[in-house]
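Reader: Hey, I'm new to this one. Can you walk me through it?

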Amino acid sequence: MTESAAPLRVMEETPAYWRIIFDYPPFNVADGTMFQALQDLLARINVDPSLRVVVFESANHDFYLSHFDLTGKLGNVMTAVGPSGLPVLADTFVRMTRSPVVSIAKIRGCVRGACSEFVLACDMRFASRENTRLGQPEVGVGLHPGGGGTERLPHLVGRGRALEIVLGANDFDGDTAERYGYVNRALPDAELDGFVDVLARRIASFDRRPIAAAKNLINQVSLPSADRLLDALNSFTTALTWPETQQRIRALLKLGLQRDGDFEKRWPALLGALLEM
């Protein structure tokens, strides 16, 4: 069964296993519309007693979820409060981690900034070895991660590598992301779909109650507190107002961010010389 809910589609492989396909041309940017779709999806996921596992993937193999919208089309994601008591941006990710349903990110293409924070909030991450560009480039834009990147990355990759990812503000390929612990595994692109499907169907074959109980126990020793997440988001919101940040955002948009496909693929590599271009 397939259902459309722009900018994503739900494919019910079985009652216990759904595939969620991002399909928001041209670049799968995370704007207010995308966050609202995720909020609606989470509301549906969390009340379905049959569901065990969801796999998030993209219809566009160049862009999984590209990055946070920098043109201002954010709606109320920074101000409205979600069911967790946190602003919608953080609430979306927190509710994914707390959900009794297992979430798996199947990554092809570019995933940066808040979209990297989305996959960090998923329970597991599997990436195409040949076709993954994953990173937290916010510092190079005059910002810092605000959706959980600075809170979740150190638990996964360690302090030094988290600092390299965040302060270096550049892309990581699938092999490096796997070696660092940023993703669970990087697989040859031709094997990615089959591997994730087998894992998802195996999890979906188990009973919901032990899945939820095991996930909850792991959450208790591995997730950041809501207070820390809120502090990071508040600091990010303030950083968006800094004049030097606004200068860098304007420069990126002028060069083609969110307009030019080639620039969208490579822009983090250019951040070191952004204001000289």
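This is a predicted model: local features need pLDDT of at least 70, side-chain atom pairs count only at pLDDT 80 or more; totals for chains, interfaces and linings use all residues.

Reader: Ok, which residues touch the most other members of the largest nonpolar core?

Author: Those are Phe22, Phe56, Tyr64 and Phe118, in a core of 69 residues. A nonpolar core here is a set of buried Ala, Val, Leu, Ile, Met, Phe, Trp, Tyr and Cys residues joined through side-chain atoms within 4.5 Å. Buried means under 20% relative accessible area, exposed means over 50%, and partly exposed is in between, using a 1.4 Å probe and protein chains only.

Reader: And which helix gives the most to this core?

Author: Helix H1, residues 32-45, with 7 residues. Helices (H or I, at least four residues) and strands (E, at least two) are DSSP runs, numbered from the N terminus. There's also a second, separate core of 15 residues, and Val53, Val55, Val102 and Ile203 are among them.

Reader: Switching to helix packing: at what angle do H2 and H3 pack?

Author: About 20 degrees, with the axes of H2 (residues 88-98) and H3 (residues 114-121) 9 Å apart. Axes are lines fitted to C-alpha atoms, for helices over the stretch in contact, and angles run from 0 to 180 degrees between N-to-C directions. H2 and H3 are therefore roughly parallel to each other; the cut-offs are under 35 degrees for roughly parallel, over 145 for roughly antiparallel, 65 to 115 for roughly perpendicular, and oblique for the rest.

Reader: Which residues of H2 and H3 meet there?

Author: From H2 you have Phe93, Met96 and Thr97, and they meet Ala114, Glu117, Phe118 and Ala121 in H3. Contact means heavy atoms within 4.5 Å. By class, this contact has 5 nonpolar, 1 polar and 1 charged residues. Ala, Val, Leu, Ile, Met, Phe, Trp, Tyr, Cys and Pro count as nonpolar, Asp, Glu, Lys and Arg as charged, and the others, Gly among them, as polar.

Reader: How about H1 and H2, what do their axes do?

Author: They come within 10 Å and cross at roughly 35 degrees. On the H1 side the contact uses Phe35, Leu38, Gln39, Leu42 and Ala43, while H2 brings several residues, including Val88, Leu89 and Asp91. The residues of this contact divide into 8 nonpolar, 2 polar and 2 charged.

Reader: Is Ser116 buried or exposed?

Author: Ser116 has 0% relative accessibility, so it counts as buried. Ser116 is in helix H3, and it touches Val111, Leu134, Gly135, Gln136 and Tyr182, not counting residues up to four places away in sequence.

Reader: What about Glu264, buried or exposed?

Author: Glu264 also comes out buried, at 0% relative accessibility. You'll find Glu264 in helix H11, residues 261-266. Leaving aside neighbours within four places in sequence, its contacts include Phe27, His67, Cys110 and Arg112. Glu264 and Cys110 are 154 residues apart in sequence and 8.5 Å apart in space, C-alpha to C-alpha.

Reader: And where is Asp171?

Author: Asp171 is in the loop between helix H5 (159-168) and helix H6 (174-180). Asp171 is partly exposed, with a relative accessible area of 23%. Beyond its neighbours within four places in sequence, Asp171 is in contact with Arg112, Arg133, Leu134, Lys265 and Pro268.

Reader: Last topic, the backbone. Which peptide bond is cis?

Author: The one from Pro25 to Pro26, with omega near 0 degrees. Pro26 lies in the loop between strand S3 (17-22) and H1. Most residues other than glycine have a negative phi, and most peptide bonds are trans.

Reader: So what is phi of Asn28?

Author: Near 55 degrees, a positive value in a residue other than glycine. Asn28 is in the loop between S3 and H1 and is buried, with a relative accessible area of 2%. Gln258 has a positive phi too, about 65 degrees, although it is not a glycine. Gln258 sits in the loop between helix H10 (243-255) and H11, and is buried at 17% relative accessible area.

Methods. Residues are numbered from 1 along each chain as its sequence is written. Side-chain values use heavy atoms; hydrogens and water are left out.
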